[in-house]
Structure formats: C-alpha cells, structure tokens
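Please keep the sequence and the structure in view while reading.

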Amino acid sequence: MIIRARVVVTMDGPPIEDGAVAVSDDRITEVGKFSEISARHSAQEIVDLGEQVLLPGLFNAHCHLDYTCLRGKIPRQKSFTDWIRAINAEKAKLSPDDYVRSIDEGFAEAKRFGTTTIANLSAFPELILRIESPIRTWWFAELIDVRDPSRAREIVDLAVAQLKGAEYWGLAPHAPFTASANLYRHCEEIARRQNILLTTHLAESREEMSMFRDASGPLYDFLKEIGRDMSDCSNETPLHRFSEILRDSSTSVGMTEGGMVVHLNELTEGDFDLLKRSATKFQIVHCPRSHEYFGHEVFQFHKLRELGFNICLGTDSLASNDDLSLFAEMRAFQKEFPDVSAEELLKMVTVNGARALRQENASGKIRASFSADLIAVPCAGSTSAFEEVIGFDQPVSWSMIGGQTQTNPSP
Ligand SMILES: [Zn+2]
C-alpha cells in the first residue's frame, strides 16, 4: 500500500512535500516523494490523504488509564496531600468493572487523539487479561507497599505473574514515599534479569521535598499517620534519597540504565550536581498539564536537556488533567517554553518517547523497516508542518497501527 499526503513529517530529516509512505504488512518499506515511490511501486494500492500532514503515531510516556473515569471529579486542592486524600476517597467508590470500563474508555480516547503507543501504569494488573488494548501498550504494574512493607517481594512477584499475559510490560514502584527501598531493589533485580522497563514518580511536589529534606509538612504528617516508617526523612532531597535506595545495585543515580523517571519538578542545586556526576542517564517524563493543575515549581527543562537527558511527554491521569491529547500537552509545553521549536516539541512525543521505551530502532520515525504506526492531521495553511501538527485540536480522523488502518468512532 502507498499512502500519499501533502506533507510527510518523518522526524528523520526535513518534511517531504507531496510525500508518500510505502507499507507492507506491519512495516514501512519506503518513504520519499510521491512521484518516485509511485513509479517504483506501480501495482500498489494508493491511499491519497489529500491536504494532510502524515506523521509518526504519538507516544504517551506516562498515564494511568485506571482513572479516566475521574475526569472533572477532583477540583484543584490546596495541597498535593489533599489531592491524594481526594483521589483515595474517589477510588473507594470504584469496582473492578468500573476500572475495566475506565481503562477501555481511556484507550479509545488516547487513540482518537493520535496516540499509537502508551506507557500505562495500572494499580490492577489482574485486570489486564480483561482488556484488549487498541494501541501499543506498555503495561506497568504500579506498586505500593506503604501499609505493609514486609510484603514488598510478595507484592512485586504477584504483579509480575499477572503482567506476563501482556506483550510489553514493566514495573512501576510508585514513589519513594509509598514504595519501600526493598520494593525498589526487588523491582530493579527483576528488571536486570528479565530486561524489562522500570518507571517511577520522583520529586513531584514541594511536599515530597519537605517530607524527605525537612521531615515535616502535610505529606510527612499524612504518611506518618498511616504508619509509614519515617526514618528515611532527614536532610536528603527526594533525588538523593532515591539514589541511596539503589546505590547497591548501580553506580549511577537510580534505576537500571534507561528507567523512566516521571516529574522531577523539585530539584535543588545539589540534585543537579548529583545528576551531572551520574555516569548513566535515566529517561525523564514531563506531564505539562498535570504540572499546571498542581501548580508545581517550574520544570527545569533547559538544565536537564543540557545535561543530556532524553525528555518526553505524558498526560498523567484524568484525575489531574482534562483529556488524553498529546497535542494539548505540546501546546501547554509551548506556552511555558515558547523558545523551544515546534520540531523539538514534536520529537518529545515521537522520537524521544520511542527511545524511552527502547523502541528507537523500531518506531517513532517514518523510516524503512520501522513499524507502520502513522497518523494524519489536516493542513490548516500554516507555513510550518510542525506548527500545523501542534495546533491541531480535533480527534485524528485517519491513523494506522502496525499496518492496519484504524477507524476512530466518535465518543
Ligand atoms: Zn503518574
């Protein structure tokens, strides 16, 4: 099959005007000018998308589809800790069937907004077997042992057994304030042994900083109240604490090389020194609209990028966001960092996302031999194809995943 479009944004060189992509089975076989590709493959079926930009499908590097049904349910709270209390109260009302419905709806919405690959954290890995994901999904079991750290290994091993039914999977120790050091270490052992991905939340809020560094604040009080051992809260930033946890198993700051660290909103000068000295670099995920919802400190994008970190974008859950559109995330990011080019921004949801999931040689670009995961958005007449893409705020009407053309029913 040959797919023609007014512009093909490959993310692998400059956009191609009057471009085309040849697809065979689930792979891209060629990309270039329509005139050249159609001459070489004259017998092929041609799909002409007309006045559209054809680009790689988008990567959502962090979300929790469990909570799609909580959209609009939790108004902005005074503190991060109040938000945790509020989401816990909402979660108590939900049944396994509600979660399955919520995840299904989340997948459909993500797909409508042009996401073809997603890193989805689920607190209920036992539900995965009941769900057929319509896009490429990395299932991460979200792991918390704050109420019973003596069960750390058991909790992880049970999740691993439940995740084995998924094509792509990984582990997500929730955060250093809810997952014990033993839980992190056991996850890392498994990641090394089985070559799977890890992800975690880190240094998200001021309250996490004051908990670990000053042994005080609302998060400290809340966790102490539910019985967490608070002896690890003394004079250390969350990043330093995190590097302590994994020091035995790594010479670098936390996580088997390539682990995905989400947020990093609260970093001190000392934290940056630590990041500078680290021999390996983890992957960083920023969630622009969730960041805005919580009113966190400004994300240190430029400093982290200068240190060579790969930075990608996620939506986080709809308990702190309005929808699952990565186009809207790019626009929110652009508002905060207007000096970042549209091309670099689009990289954060394609090439960088693929790299974070260790798929840089298989997807995230339109290149021969890569997966045929493609989307199209209409040309609105702007001079830059990248700007066209970022400005797009509708559901995507044409997409392809693994060479299969997708229909996107309206909600
Ligand atoms: Zn999250």
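T405 is partly exposed because its relative accessibility is 43%, where buried means under 20% relative accessible area, exposed over 50%, and partly exposed in between (1.4 Å probe, protein chains only). The model is predicted, so local features need pLDDT of at least 70, side-chain atom pairs count only at pLDDT 80 or more, and totals for chains, interfaces and linings use all residues. Residues are numbered from 1 along each chain as its sequence is written, and side-chain values use heavy atoms, with hydrogens and water left out.

T405 belongs to strand β16, residues 404–406. Helices (H or I, at least four residues) and strands (E, at least two) are DSSP runs, numbered from the N terminus. Leaving out residues up to four places away in sequence, T405 touches M1, W398, S399 and M400; contact means heavy atoms within 4.5 Å. T405 and C233 are 172 residues apart along the chain, and their C-alpha atoms are separated by 52 Å.

**Residues in strands, helices and loops**

R27 is found in strand β3, residues 27–33. With a relative accessibility of 32%, R27 counts as partly exposed. Apart from neighbours within four places in sequence, R27 is in contact with A22, A362, S369, F370, S371 and A372.

E126 lies in the loop between β7 (115–122) and β8 (136–143). E126 is also partly exposed, its relative accessible area being 42%.

W83 sits in helix α2, which spans residues 80–91. Is W83 buried or exposed? At 12% relative accessibility, W83 counts as buried. Its contacts, not counting residues up to four places away in sequence, are I74, Q77, Y293, F294, A319 and S320.

The table sets out pairs of residues with their separation in sequence and their C-alpha to C-alpha distance.

| Pair | Separation in sequence | C-alpha distance |
|---|---|---|
| W83 and F294 | 211 residues | 9.0 Å |
| E126 and R27 | 99 residues | 32 Å |
| R27 and N265 | 238 residues | 38 Å |

S205 is found in the loop between β10 (197–202) and α6 (206–214). Its relative accessibility is 2%, and therefore S205 counts as buried. Beyond residues up to four places away in sequence, S205 touches F80, E266 and H296.

**Positive phi angles**

Which backbone angle is positive in A215, although A215 is not a glycine? The angle is phi, at about 50°. A215 is found in the loop between α6 and α7 (218–225), and at 28% relative accessibility A215 counts as partly exposed.

D316, likewise not a glycine, has a positive phi of about 60°. D316 is in the loop between β13 (310–313) and α12 (326–336). With 7% relative accessibility, D316 counts as buried.

Helix α9 covers residues 269–277, and its buried residues are D271, F272, L274 and L275. These residues cover an arc of only 155° around the axis, so they lie on the same side of α9. The arc is that of the directions from the helix axis to the C-beta atoms. An α-helix has 3.6 residues a turn, so residues three or four places apart point the same way. On the other side of α9, E269, K276 and R277 are exposed. The buried residues of α9 pack against α6, α8 (238–245) and α11 (301–306).

**The chain as a whole**

The secondary structure of the chain comes to 15 helices and 16 strands. Along the principal axes, the C-alpha atoms fill a box of roughly 70 × 45 × 40 Å. A compact globule of 411 residues would have a radius of gyration near 22 Å, and the 21 Å of the chain agrees with this. The radius is taken over C-alpha atoms, and the globule rule is 2.2 Å times the number of residues to the power 0.38.

Of the 411 residues, 61% count as buried. Among contacts in the chain with a separation of 6 or more, residues 24 or more positions apart account for 72%. The chain exposes about 16,600 Å², of which carbon and sulfur atoms supply 46%; accessible areas come from the Shrake-Rupley method with a 1.4 Å probe, and for residues only the protein chains shown count as cover.
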